[in-house]
Amino acid sequence: MPLPLGGYVIIDSTECPIRCPVDSEDQQVFYSGYKKMHTLKYEVAINEEAGLPAWVSGPFPGPSADITIFQGGLKQALAAAGSIGIADGTYQGEPAALIVPPCPYRDLTPERRAYHRFLSE
C-alpha cells in the first residue's frame with residue numbers, strides 16, 4: 001500500500017495467535033516467547049494526519065523483531081515518501097527514520113521515577 005507523501009506515520013507490530021503447527025521445526029519458528037504461544041506478526045503504519053492505514057506488511061514468524069521487520073521494507077518506503085515514523089521502544093536503532101521514546105527509567109531522576117509511578121497508579 002503506498003505511503004502518503006510527507007508527514008508522520010505511527011508504526012507498530014501486532015502478533016496474532018495461530019494453531020500450533022504440526023511440524024516440530026515450524027513449532028520453533030512460530031513460537032513467540034513474548035506471547036507464550038504460536039503467532040504470526042504483522043507490521044502496521046497509520047498516517048498520523050489522516051488516521052488511515054498507510055502500510056500493512058506480513059505475516060512474519062511471531063518471534064521476529066519489530067526493528068528487523070521495519071528494516072525489511074517500511075524503512076525504504078518511508079525514505080522514498082519523505083515520511084518520518086513514530087514508534088515504540090522495540091524500534092530502537094534507526095534514529096534517521098524513526099522517532100522513538102528513550103528507554104524508560106534508565107536515565108530518570110528519582111523525582112521523575114516517582115512521578116511516573118504516580119501516573120501509572
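**A buried histidine and the surrounding fold**

His38 is buried in this predicted model, with a relative accessible area of 13%. This value falls under the 20% limit, and therefore the residue is classed as buried. His38 is part of strand β3, which covers residues 37-47. A polar atom of the His38 side chain lies 3.3 Å from the backbone oxygen of Gln27. Apart from residues up to four places away in sequence, His38 touches Cys16, Pro17, Ile18, Arg19, Cys20, Pro21, Gln27, Phe30 and Tyr31.

The chain as a whole contains three helices and six strands. Read from the N terminus, these elements follow the order β-α-β-β-β-α-β-β-α. The C-alpha trace spans about 50 × 40 × 25 Å along its principal axes. The chain has 121 residues, and 29% of them count as buried. Its accessible surface amounts to about 7900 Å², and carbon and sulfur atoms account for 60% of that area. When contacts between residues at least 6 apart in sequence are considered, 51% join residues at least 24 apart.

The average pLDDT is 87, and 92% of the residues score at least 70. Strand β3, the element that holds His38, has the highest confidence, at a mean of 94, while α3 has the lowest, at 82. Where pLDDT is low, predicted coordinates should not be read in detail.

Two salt bridges are present in the structure. One of them joins the side chains of Asp66 and Lys41, with a distance of 2.8 Å from N to O. This pair connects distant parts of the chain, since Asp66 belongs to helix α2 (residues 66-81) and Lys41 to strand β3, 25 residues apart. Both partners are covered: Asp66 is buried at a relative accessible area of 10%, and Lys41 is buried at 8%.

The side chains of Glu94 and Lys75 also meet in a salt bridge, at 3.1 Å from N to O. Here too the pair links distant parts of the chain, with Glu94 in the loop between β5 and β6 and Lys75 in helix α2, 19 residues apart. The loop that holds Glu94 runs between β5 (84-86) and β6 (98-99). Glu94 is buried, with a relative accessible area of 12%, whereas Lys75 is partly exposed, at 29%. The value for Lys75 lies between the limits of 20% and 50%, so the residue is classed as neither buried nor exposed. The link between the side chains of Glu94 and Lys75 also counts as a polar contact of 3.1 Å. With neighbours within four places in sequence left aside, Glu94 is in contact with Ile67, Phe70, Gln71 and Lys75.

Two features of the backbone concern Lys36 and Pro59. Lys36 has a phi near 60°, a positive value in a residue other than glycine. This residue lies in the loop between β2 (31-32) and β3. Lys36 counts as exposed, at 60% relative accessibility. The peptide bond from Gly58 to Pro59 is cis, with omega near 10°. Pro59 is placed in strand β4, which covers residues 53-61. Most residues other than glycine have a negative phi, and most peptide bonds are trans.

Helix α3 covers residues 110-120 and includes Phe118. Phe118 is exposed, with a relative accessible area of 57%. This value is over the 50% limit, so the residue is classed as exposed. Together with Tyr115 and Leu119, Phe118 forms a nonpolar patch on the surface, and the three residues have about 340 Å² of accessible area together. The C-alpha atom of Phe118 is separated by 46 Å from that of Ser24, and these two residues are 94 residues apart along the chain. Helix α3 is also the element with the lowest mean confidence, at 82.

Methods. Residues are numbered from 1 along each chain as its sequence is written. This is a predicted model: local features need pLDDT of at least 70, side-chain atom pairs count only at pLDDT 80 or more; totals for chains, interfaces and linings use all residues. Side-chain values use heavy atoms; hydrogens and water are left out. Patches are made of residues with over 30% relative accessible area and no salt bridge: like charges are joined within 9 Å, nonpolar side chains (Val, Leu, Ile, Met, Phe, Trp, Tyr) within 5 Å. Accessible areas come from the Shrake-Rupley method with a 1.4 Å probe; for residues, only the protein chains shown count as cover. A salt bridge is a side-chain nitrogen of Lys or Arg within 4 Å of a carboxyl oxygen of Asp or Glu. Helices (H or I, at least four residues) and strands (E, at least two) are DSSP runs, numbered from the N terminus. Buried means under 20% relative accessible area, exposed over 50%, partly exposed in between (1.4 Å probe, protein chains only). A polar contact is a pair of N or O atoms within 3.5 Å; within protein, one must be able to donate a hydrogen and the other to accept it, and residues adjacent in sequence count only if both atoms are side-chain atoms. Contact means heavy atoms within 4.5 Å. pLDDT is the predictor's confidence in each residue, from 0 to 100.
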